[in-house]
Structure formats: C-alpha cells, structure tokens
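Here are a few exercises to work through with the model open in your viewer. Try each task before you read its solution.

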Amino acid sequence: MSSHGIRDRVAIVGMGCTPFGEHWGRSADDLLVDAVGEAVTSAGITLDDIDAFWLGTQASGVSGLTLSRPLHLPYKPVTRLENMCATGSEALRNACYAVASGAYDVAMAVGVEKLKDSGMSGLSGTSMPGAGDDSRGEITAPANFSLLAPAYAAKYGLAEEELKDVITRIAWKNHVNGARNPRAQFRKEVPLERIRSAPIVAGMLGVFDCSGVSDGSAAAIVVRAEDAYRYTDKPIFVKALSFVAGPADGLLDPDYDFTTFPEVVVSAQEAYRQAGITDPRAELALAEVHDCFTPTELVLMEDLGFSERGQAWKDVTSGAFDLDGSLPVNPDGGLKAFGHPIGASGLRMMFEAWLQLRGEAPPERTVASVAEGRTLALTHNLGGGPGECVSFVSVVGSELTD
Amino acid sequence: MAGLIAYGAYVPYHRLARADIAATLGTPPARGTRAVAGYDEDTTSMAVEAARSALARDGLRTRVGQLFLATAAPAYLDKTNATAVHAALGLDPHVLAVDMAGSVRSGLGALVTAARSPVPTLAVLSDLRTGLPGGAEESTGGDGAAAFAFGGHRNGAPVLAELLAHDTVSDEILDRWRLPGAPASRVWEERFAEEIYVSLADKALTAALDQAGLDRGAIDHLVVSGLHARACATVRRTSGVRPEAATADLTAAIGNAGTAQPGLLLADVLDRAEPGRIIALVVLGDGAGVLLLRTTDALPAHRAARPVAAQIAAGGAPMPYATYLSWRGLLDREPPRRPDPEPPYAPPAHRRNSWKYGFVASRCEKCGTRHLPPDRVCVSCRSVDAMTDEPMEQVRGTVATFTVDRLAHTPSPPMLVVVVDYDGGGRFRCQLTDATEADAVIGARVEMTFRRTVTAAGVHNYFWKARPVRTGETEGTGA
C-alpha cells in the first residue's frame, strides 16, 4: 500500500473566516453565509463559479442541505462530513482531492459549528454512540486530555508543579498571540499567575488550560495549481495532506504510555514525506496545532518533530514556540484564543497559514520567519483523545517547488 | 449433613458520624457512626459484593442452584433485581434467581428457605436504611449486605456450619410499616411490641432447641437481630443463654442494616467462632425465627476473605452530613451545566451482559492479548473471532494514569478516573470509587467493585469501578 501525495497539484485561492466567539445573535446559517461570502470575495469569484462543496460540521446540521439551504445553492454537489475535531480539516482534504482528481475545477471546503446555543459547559452534542451498554463511562474532554499530564511528568521526571508551569506558559503564549487577532474569541493577554491559579476543571488543568466554547465558520476555495494565478497573485499551494484514524488501542494496551499521540506521529511523518520536509523545526515558517488543552500542545511539539522526546517542556519554557521564537506555534492564538467550534477549527488554522504566508497578518503578530525566507506552514488537527484519536497534518506553501 | 458452605459480608466504605447529624440539625448529641452505601451503590450492587465475597473460593459458583435476594429497598419493582446479581456472578442460566423484596423479614425468609432447600442455595441479604433527616431511623440505620450458601450434602463442598435446627413463628403485628415510596417507616410506641417479641423469640428458640435436643446452656454464640432494638436487647439479656454467649450487635459502628443485619451479625460470628461451637441466630420482625448452627472443623480454613470486623475497621473517615443527604436525594443540589447522562440502551446492554455485569473480557487465542471490553478483532495480532472469555472481576491492577474530572455528571463530584493496567495484561479506563483525590496516583493498586454508576431516565446503569486495595483486608484472592 502506498499513498501518493498531491504536492503542488492544487492551490487555495480564497479564504474566509468569521470572528470566533459567542455569537448569540447569529445562527450557523449566518456564520456559513459570512465565511463563504468572504472566501468567494477574496478569490474574486461568485458562488456560481464553484463546482462542488465539502461541508464539515459535527453537530450543527446533517446532509448537504446544511450548506445549500442557507446559500440557496442551485443544484450543486454538497457533501457533509464529520471526523470529530478534525472535521474542518477533513472538508479541506476532500475538496483538494476532488480537484486533484480532475473531477472539478473549483471546490470549496467549509466548516461551521454553533456550540453556544446549547447552554452547556464545554462541548456538547459530541457524545459518540459507543457500544450503547454505557460501560464506557465517557469522561469530559478536559479530563480525557488531562490524562497526559501526570504521565508526562512521571516519565520525564518533572514535579507536577514544574509541569504546571510549562502548560501555564503555553496558555499564556497563545493568549498573547490571540490578543493580537481581531478574529479571536479571547483578545486579552492573561498574566501567568492568573492562568496558574485559575479554578481547576480536570486533573491539573485549570480554566485557562482549556480552549473556550465558541461559534465560528471558515471556508477555503481550491483550484488546480496551474489555474491558481488566474484568481490571485498569492496562492497557497498544498504540499501535503495526511490523515489517519488510529487503531484506538491506547485504552486497551498497557504499552501506550499517555505521553504521545501515535496517530500524530504517523500522520506527521507522512505529511513530511509528501512535502519533502526533513527538518520541520527549521523549515516551517509557522505551525498551527490543535491546542485543545495545554498538555496537548506540549505533547504535539514532540509528536510533530519540533522537539526531541522529553524535551518539549524545555523548548516551551525557553520560548522556542513564541511569536518571536525559532518556530512560532499558533501565532493566531490557537484553539486557546479562538475556542473550538469543531467543524470550523481546521479551516481556521489554514486561514492563519493563508494570512501569514501571504504577508497579510497584522504587523503585531506577523511571524519573522516568512520575511526571512521560509515559505511553508503546517496545520495540525486532531479529534478523539489520548489513546484513540484521528489526526490530520497539512503542509502548505507560498511557492511551487521546482 | 447439610449446612452452610460459604458466607461473606459487605460493609460499605463510607461512614456518617451521628454527632455530625446532631451538630447540623441541632438535635441532642449522639455517638458512633453508621455505614453509608456510596452514591454509586444500592441494594443490588451491595448484594453482588457480598456474594462475590462468599463465593470467592474456586468452584463454589458452579454449585449454586438457586439465588434469593432479600431486601426491603429493592432497586427496581416489577423487574427482578436478583437477575442482576445472577449476571454479575456469572451463574448458570438455569439457576433460579428471584427477589424476596419489600419487608425486612425477607432476610430471615431467604436464610430459612436456603437452609431448607434440597439444592445448594445462595441467600443474599441486602438493605439500605434511610430515614427522614434527624429521625432515629436515619441515625441508627445502616447499609450493608451478607450472603450465605447452604448445601454441602452430595456435592463435596465442605460444610462450615451444620444446620442443627430451625424454627419460625409468624405474627401479624403493626409495630413498623411503610407505604411504598415513603422515605421512612413509621413505628408504633416501642413498648407495645416489646413483650410480644420477647415471647415470640422464646417460642422459636424453644422449638429449635427441642428439635436439636439441646438446652440453652449449649449455645456458645447468641445473635439477636431485629429493628426493634429494645426487644432485641431484652431477648439478649433474658433468654437464658449464658451471658458471655450473647454477642453485641454492630450498631454503634455501622448501624442496623435491617434486612441484612442478621446476615452481617452472623457473618461476624462466623469470622471468629471456633470449630464445634453452637450459634443461635434469633431474628425478630413480624414474628420470630431461629437458626441453630454448629461450626465444623472446616470453618477456620474457609472463612470469608473479608471479615466484617476488618471491613468496619477499613471504613473511611466520616463524611459530611450534607454529602450524605445529597447522596440520598434529600438535598437537591445544582447539577453541572452538562447534558443529562443517558441511560444504557436495553438491547446492547443485554447483548453484552457478560461484560457489563460479569466483567468478562476476552483473550486472543493466537497471541494471548487481553481485551477489555471484549473485542472480535485482536488489538495486537488482528486475528478475527479467535477469542476466549477472560473473567476479570478478581484481577487487580495498577493505575497507569489518572484524572479528576470536575465537569462530569456524577452524583458525587468530582469524578475520579483511572486507567488501570491489570496484572497479567489488559487495560481499562474506569472510575475510581471509595476514594479521595489522594488515592488517584500513578502506581496505586486497585481492585474491581460492582456499582450503580448512575441512574438516568429511571434506569440504573450498573457497571464496574476500581477501588483502592486497602490494607487491613485480606490480600490474595481479591474477592
């Protein structure tokens, strides 16, 4: 079995992203109309120019009608899909493959989620139908990801207080970045001590170690690479799309130690192979990663190959992933600052890559690496939890490879 | 000779100090503690724990031919509760499992019926006593369960105590009653029934002793049980049995567990009685009943894995009275802002009875990997449908990692969650119960316990949780 990447065969030529937040006065329909409208405007086209649509949403609608009805799309193919928290990325992956296959000239990927209407704390409507005998004892998402913290601390000999400092710094960094982003849900820097002393939600995780609950939508327009300059002089070329659903054996197998997401390791290696990347820490201009909870981002730094095993906590502490660090991670503020409307998050990450690689991010959070000549960005998105998850990794770039 | 072939008791971990009730409600000072079933326990789950303790020895489970569950606080009406116990024990499908439910006297009924039965029979006595806040029922009540298997003749199981004789007298008497659904029973003026009960006890004791050809002086252990504390004390004092033979009840430490009290008291005596001793169990309530037993040489080697006294000693520090009230549904607290828990669905629960109730996992025949829950495809070698049953309820494990979920829906937040790696292989993530946050640490040793995880939409969800292995209780069999 082999996979064949589609490096440089398709390009993103238009994107849109709503502000993420508590949109009490707006529906999922409203958010879709806004994100789609911004995307088509940025590509200089109309909806009539789009041949097919992939809509990602977990709980805000079913079937293609979720998109075609609010837009009154005239008899177009619309696929609604779901892959837990990687749903938005899956929409993009499918749209890219549709264009790469030659089936369509122009495709759109859209993601949306309306979480705030439920009135619940944390994510709701995300319970997965399991065996149905209720023996699984589902735990909340923060509790699930908090399982990483004591395991990481024990494996690498950190005191719990030391690890708390590390994850606190991750939250602090992402809020610093989000404070510079007009689309973010949370736009204030938060002092370290306030993050550290916040009420505990689960395990070691305080309120500020968790991504918020928000509403949002984002969209991307995909065309063949050779057509890209007809739409924009700054297209973003897709270098790699990698997605895996794990065997879900971490909760069955004592060999899994809760300090890694093997699914991320596999999907990242595959993406690097497709993109021709050998040293991601040095080659990438930025990375948007799935910081649903702060220990997740810590572990991802190692799984994505940005840090050596057992070393990410030191790199975090030294500021390597800060906005002005050697590899800025989540320069837009991440899930921490944006919240996590499931279907939209993957495309929101791509929106930041789009802005940064095109030099269109606001100056106060523009990463220096692009000006220094780096042209690649990574987005990473996962769903599930430690031991059983799905993982998506993309690499996109502003230049065609020779 | 027919007789008792196994016994076991279950005293829940939690305690409520009577002084805390008094301090909270401003009632007169009171001493001692009572045992409290956890927020995740009911009479069915406690019955399972007692029966597991009784049937811990190899081969006992396959000998049981009938199961009676006696309780005055059945978890369900209409639906049989004994079948949940039957499923959790993994008994043969042909074993009769029925409830004797509603009255406290059903405990005596189950014991006598088991003792009389021609096939080996398991009597499980379980009760959860609740009263209105500040009432005597609340303060002196207790929760617990006990299980006794009678049989022994013709099937090779060693008899721990021979049944010498038994007698029952029945009397319709309105001294205690409760309408279905009422939170507490009502009691007639106590002195009214005292003399009646003393007389009934004498009648039953005399008849049993006559059958056995013994006199009262032969009794080495006199156990008197009943909810009429005053009558019990009088019988203990005036029955003509040697004073040193009268055993104290356990009310000061764990309260009176109603239907289960005669079982807990009898188990406690069996935990320490020498061979060849005669035990008279006298049970008062809507009449009286007496069982006369003589312990055998087999008893010392086959006592219950978890003595009653050890379980009493291993109880947790007293819980706040407000917590007790919340667990009993007498203090309606703000739920978390989360979706309501869903009940289990009947068809999938039934399909997976052996897992859900029996905690039977699977082991790959090709590579030996254990799977919790059982899978069709091996997680390790991907073999398909090459699995054998792997009972896991007695296997202990070690905590690999853990969390404290403060957002999850639970009757007693926060929810403690552990990932357990079992001795001999296999992993499962489940709740940790009878524990504090300090017990949730990597490397902690845990064992499995059958619980009611939550009640949603009128359905009890029974499943297994981990609990800390505590010192003071017998290591080893892990019953």
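**Exercise 1: a strand in chain A**

In S10(A), Thr379(A) is the bridge partner of Glu288(A). The model is a predicted one, where local features need pLDDT of at least 70, side-chain atom pairs count only at pLDDT 80 or more, and totals for chains, interfaces and linings use all residues. Residues are numbered from 1 along each chain as its sequence is written, chains are lettered from A and ligands numbered from 1 in the order in which they are written, and side-chain values use heavy atoms, with hydrogens and water left out.

Task: work out in which sense S9(A) and S10(A) pair, and over how many bridges.

Solution. Start with the ends: strand S9 of chain A covers residues 284–288, and strand S10 covers residues 376–385. (Strands are DSSP runs, E, of at least two residues, numbered from the N terminus; two of them pair if DSSP finds at least two bridges between them.) The pairing is parallel, over four bridges. Next, look at burial: five of the five S9(A) residues are buried, so the strand is largely enclosed by the rest of the structure. Buried means under 20% relative accessible area (1.4 Å probe, protein chains only).

**Exercise 2: the interface**

Task: find how many residues of chain B are in contact with chain A.

Solution. Count pairs with heavy atoms within 4.5 Å: 37 residues of chain B meet 38 of chain A. Among the secondary-structure elements, S17(B) gives the most to this side of chain B, with five residues.

Definitions and conventions:
Buried means under 20% relative accessible area, exposed over 50%, partly exposed in between (1.4 Å probe, protein chains only).
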